[in-house]
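Please read it alongside the sequence and the model.

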Amino acid sequence: MNHDPFVGPAPAEVPLPKAPLVRVIAQVRFPLIVAIEKRDFIAPFQEAIRKRYPVLRQEHTQNVLLTPNGIAPSGPHTAWRFADLDDTWRVSLTSDFLALDTGAYTSRADFFERLKDVLSALNEHVQPSVIDRLGVRYVDRVIGPPLNNIRNLIRPEVRGMLGTDTEQYVQSALTESMFTVGNAQVLARWGYLPKGATTDPSAIVPADEPSWILDVDMSRMGQRAFVTEQIVSEAKQYAERIYAIFRWVVTPEFLRTYGGEP
């Protein structure tokens, strides 16, 4: 795929039975709703999603504020973590955001049907009036034998020094780029990571072997009305753009390696 990945329609999806996709996340941020900290307040939301996400854990986090005098603690905050029985799908709810994430992604249709369900429950039982930010993130990781064939899997503009005569000297090589796409931004990280390294310890478990990673996050800041259908539609558009970027980065050999037919 050689056309500009930032314009035009995304290519049709090529199913990858052995996809190296390790994490997909969608997050909606909204103005602070303090009542979310209370068990009684979030109980109806739990009941609305409990059939699909029956495991609930309460976590306490310590946030900090950056002030002219340095870093200051802002007090403990509660995060509610809902999960399925296998802990492969999770819904996180705090006083200012809801996130859906999975390490068991099967299709775009399934993911966004699930996102619509949890946003509908949020709209009904928590009732945020507006959102401040919407983001969608996909993380792919190449490990094992395919890593040794990286020169044939990733286009050279992105691959960098891997696959060249100097590859043996590379210990780590990570690139981070920010792009503007319409009224949204795309933050992309890619590169070679040594054993035990990750681009984001809070979201991506480090691999126990060297890896090549593609981590793409598309988001838009700005206050707008909380309308479930509009949020899901916008999130799908972000996923399609991220897929277009993915298809620009990888070669047909990459698709074949992971079970696809380009």
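How many helices and how many strands are there in the protein chain? There are six helices and nine strands, where helices (H or I, at least four residues) and strands (E, at least two) are DSSP runs numbered from the N terminus. This is a predicted model, in which local features need pLDDT of at least 70 and side-chain atom pairs count only at pLDDT 80 or more, while totals for chains, interfaces and linings use all residues. Residues are numbered from 1 along each chain as its sequence is written, and side-chain values use heavy atoms, with hydrogens and water left out.

**Overall form**

Along the principal axes, the C-alpha atoms fill a box of roughly 60 × 45 × 40 Å. Of the 262 residues, 46% count as buried, buried meaning under 20% relative accessible area, exposed over 50% and partly exposed in between (1.4 Å probe, protein chains only). Among the contacts with a separation of 6 or more, 68% come from residues 24 or more positions apart, a contact meaning heavy atoms within 4.5 Å.

**Helix packing**

Two packed helices are described by the angle between their axes and the distance between the axes. Here the axes are lines fitted to C-alpha atoms, for helices over the stretch in contact, and angles run from 0 to 180 degrees between N-to-C directions.

Helix H1 (residues 39–49) packs on helix H2 (residues 108–125) at an angle of about 150 degrees, with the axes 9 Å apart. H1 and H2 are therefore roughly antiparallel to each other, a term for angles over 145 degrees. The contact is made by Phe41, Pro44, Phe45, Ala48 and Ile49 of H1 and by Val118, Ala121, Leu122 and His125 of H2. By class, this contact has eight nonpolar, one polar and no charged residues, with Ala, Val, Leu, Ile, Met, Phe, Trp, Tyr, Cys and Pro counted as nonpolar, Asp, Glu, Lys and Arg as charged, and the others, Gly among them, as polar.

H2 also packs on helix H5 (residues 228–249), their axes coming within 10 Å and crossing at roughly 150 degrees, and H2 and H5 are therefore roughly antiparallel to each other. Among the residues that meet there are Arg108, Phe112 and Leu115 in H2 and Ala239, Glu240 and Tyr243 in H5. The residues of this contact divide into eight nonpolar, three polar and four charged.

**Single residues**

Arg108, in helix H2, is in contact with Glu13, Tyr138, Ala239, Glu240 and Tyr243, leaving aside its neighbours within four places in sequence. Pro44 of helix H1 is 58 residues from Thr102 in sequence and 23 Å from it in space, C-alpha to C-alpha.

| Residue | Relative accessible area | Class |
|---|---|---|
| Arg108 | 14% | buried |
| Pro44 | 37% | partly exposed |
| Asp87 | 42% | partly exposed |
| Gln127 | 55% | exposed |

Definitions and conventions: Angles under 35 degrees count as roughly parallel, over 145 as roughly antiparallel, 65 to 115 as roughly perpendicular and the rest as oblique.
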